[in-house]
Every structure is written in C-alpha cells, then in structure tokens.
Amino acid sequence: MDTKNENKQYRNTPEYAEYQRENFWRDNDGETPPFNTDPGKLEERAKERLSEGGWYYASSNAGQSYTHLANRQAFFRHKFVPRMLVDTNKRDTKHEIWGHKVSAPIGFAPIGINKIYHPLGELPVAKVAKELNLPYCLSTAGSTGIEDVGAANGQGPRFFQLYMPHDDELTVSLLKRAYNSGFTACILTVDTWQLGWRHDDVNNSNYAFYHGIGADLGLTDPVFQKRLAEEGIDPKKEPNRAGAKWIDNVWHGRAWSWEKIPWLIKTWKEISGGKPFAIKGIQSVADAKKCVEIGCDGIVVSNHAGRQVDGAIASLDALEKIVDAVGDKTYIMYDSGIRGASDVVKALALGAKFVFVGRLWVWGLSIMGETGVRHVMKSLLADLDIMFNVAGIQSVDQLDRSWLESGPAVYNLIAEKSKL
C-alpha cells in the first residue's frame, strides 16, 4: 500500500490496497473513516439510519430466513489455502466481461426501489460504479428512469435486469429504452413472479409501490403511460394506484415458462444488435442446461439472497454443480450472500467468472448516500487486493478449486442470522 511502490506501473488496475493506507492516515489529518465496513456493523448502522419500512424491505428474507442462513453456511464450509512466497507485487484484479475491461470481477447487483434507501435513488450508485469501473446492473424495479441512470453512469459498463411484463409492447419498450441508454446486456430474473412471503414486510404493509413510491422507471415509460391513460389513472393524483398498476404488470402471480424465452432472446438481440442475454435465478443443473440449450450467453446462479424460496439450497452449493455441468458452455456468474473479499474469491475458485454484490452497497447508500456507496465498494476492492497479496494470488484466472479445502454440504446449523 506504499503510494510510491514502483510495482504499480505494471498494473492494469489501481492499487486498491492504498485505500487501507488512506484510512489509517486519516487520524493524522484530524479525520476518521466514514464508518465501519464490517458487514454486521454496517447493517446495524444502516438500521439506525433507515426508516422502519426501508430497513424491513432491505433486510427481510423469505419465511424463516433458512435460505439466507444456508448461503452463509456454504461459505463457511470452504476454507481457503493461502500460498506463500509468491511474487504478488505485480498482482492484478482486472477482468473482462462481455467485452468490458473492468477493475475486478465484481458488479453492482440489481436492487430495486433505491429511493427508499436514499432520496437520489439509483443515481449515486450508478455514478460510483462508473468511477470504480465496475459493471452496474439496473433493476426493472428501479426507482429512477432508465435514461437518467444511464446518464449518471456515463461511459461505465452497465447491464439491464429485466422483470418481463405480461405486456409484450411494454417489454419491447423497456428493452429499447435500455439499449438506447447504453445498457449492453439484458439479464432476465426468473425467480420473482411475485415476492416471497416476508413476515416483517407483510406485517407492516410495507410495500413502497402500493404507497406511491418507487415506480419512476415505469412511470417514465411511454407504453406504460398509455396503459395508465387507458384506465383513467392520473399518476400525480393517484400515485398509489399508478404504482400498484406498474408493479402488478411486472410481478404478482404472472409466471412465464421456457416457451417464451426464445422470443425474448430474439427480441433483445434484434434491438441491441446481438448484445449478450443472460438468465438470473438459476439453481438447478437441469435449468442451467436448458439455458445453454436455448442460447443464453450467460447465467447468474442465485437464490435472490434467500428472499424468495425459504428452505432452498445455498446458491454457492448450486454453483459447484452447475459449473461441473455447463461451466465450459456458458458464462457463469454468481449472486447471493457475498459479504467480503474472501466470499468473492471462494465463488471465483468454485468456477464463477463474475460475482454480484448487493446488500453491502445498499447499506452504504442508506448510511451516507454516494459517499457511503463509494466507501463500501472501495473497501471491498481494497480487501480483495490485499487478499490477493497476502494469499499468493497473482491474477483472477489463477483461481480454481485447488485453492480450497472443502467440507461436505450440510445444513444442520441453526443460528441467529445477525451472527452470520
């Protein structure tokens, strides 16, 4: 982390470990770091800052949170085996995803309704993603217009996560807006035909869309504006009805099947000139093979961080099996339960090519807006850079299962989720 380290001239990415030095030095200038980025303390601080509704929506999991717990257990059973006396002076965390050369194999996961975490919603998140040269993924449930998010992200790499409406004209409109706003891949999420049963949210009638908050991405769509007019809904006078109609068009009991996906892939490819298409929410080998069969460019192995199906297998355990089955046939990404650099490295060692991070940056956004997002993600990058240095990793492509000592997949530990 020496700022005069001559080895930095060989690197393709910044020496993120210097962010550790910067925070160690702050006290000399009469300053302190913005806040503690230990995941547990990060959550506690966010809970203090958020409204009750904001906290419940961000923290709630499906049912009894057993899938959330399983995600953490899966990381525990894999132990990293560091290698010593390796020349890591010229190490690099660089990665390439779908033609984008990025700072690390880490992206901002698609998370909706950012305005319940901060008044500026998705804008500061997209801005920081560009600054750090990490891919940003905008959710269809986003609370800011597609065009505004694209502008905030500038020339940064960005993908559009689609919840596909049961209105083909609206789907096409969303995809066109995304492509015209510089989004270079479409990632369809398939595990959320409606929200999983989340006790705290249900008990508190905690659903922003039904209370006139968070539907901006839909309200700025010309096709959806036409749908509102057809039903005589004025979004300014009836924001609750407008918000409900938007999200009811996207989720809430309307499931799609594999038969519809070829149409979606063809439509996106025609609109975008052949840009990548991926499916997020894959947990079974059979579904992964189906994705390959129908021509997906990638898949995201994910259980929605435990927010959809309670009692499901850990996303990391699904990753192992899916990599074994189709790892050489498609671009495999990972999502769910990432809380630090060691989790990122374990997922990569198990065969993921790319990892999405969600709740960590949500807590940062909740605590301190743009500054909070930047602090959390720069800290994660510094953690990753330092882990490469002290564990003997020179580059991302060196990581494979030989770096891990792994126990059997077991789900017999019951613990408070706050301790995991």
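Biologist: How do the residues lining the largest cavity divide into nonpolar, polar and charged?
Modeller: Ala, Val, Leu, Ile, Met, Phe, Trp, Tyr, Cys and Pro count as nonpolar, Asp, Glu, Lys and Arg as charged, and the others, Gly among them, as polar. Here the lining holds 20 nonpolar, 10 polar and eight charged residues. This is a predicted model, where local features need pLDDT of at least 70 and side-chain atom pairs pLDDT 80 or more, while totals for chains, interfaces and linings use all residues. Numbering runs from 1 along each chain, and side-chain values use heavy atoms, without hydrogens or water.

Biologist: Which residues lie nearest the centre of the largest cavity?
Modeller: Rolling a water-sized probe over the atoms shows where empty space is left. A cavity is a set of points on a 1 Å grid where a 1.4 Å probe fits but cannot get out, and lining residues have an atom within 4 Å of a point. Of the 38 lining residues, Ile111, Ala305, Arg307, Gly358 and Arg359 are nearest the centre. The space amounts to about 580 Å³, the volume filled by probe spheres set on the points.

Biologist: Is His304 buried or exposed?
Modeller: Buried means under 20% relative accessible area and exposed over 50%, with a 1.4 Å probe and protein chains only. His304 has 15%, so it is buried. UniProt's unreviewed entry marks His304 as "active site", an annotation that may be inferred rather than shown by experiment.

Biologist: Which residues does His304 contact beyond its sequence neighbours?
Modeller: Contact means heavy atoms within 4.5 Å. Leaving aside neighbours within four places in sequence, His304 touches Tyr163, Thr189, Asp191, Thr192, Lys280, Asp335 and Ser336.

Note on methods
On a 1 Å grid over the protein atoms alone, a cavity is a set of points where a 1.4 Å probe fits but cannot get out, and a pocket is an open set with protein on both sides within 12 Å along at least five of seven lines; lining residues have an atom within 4 Å of a point.
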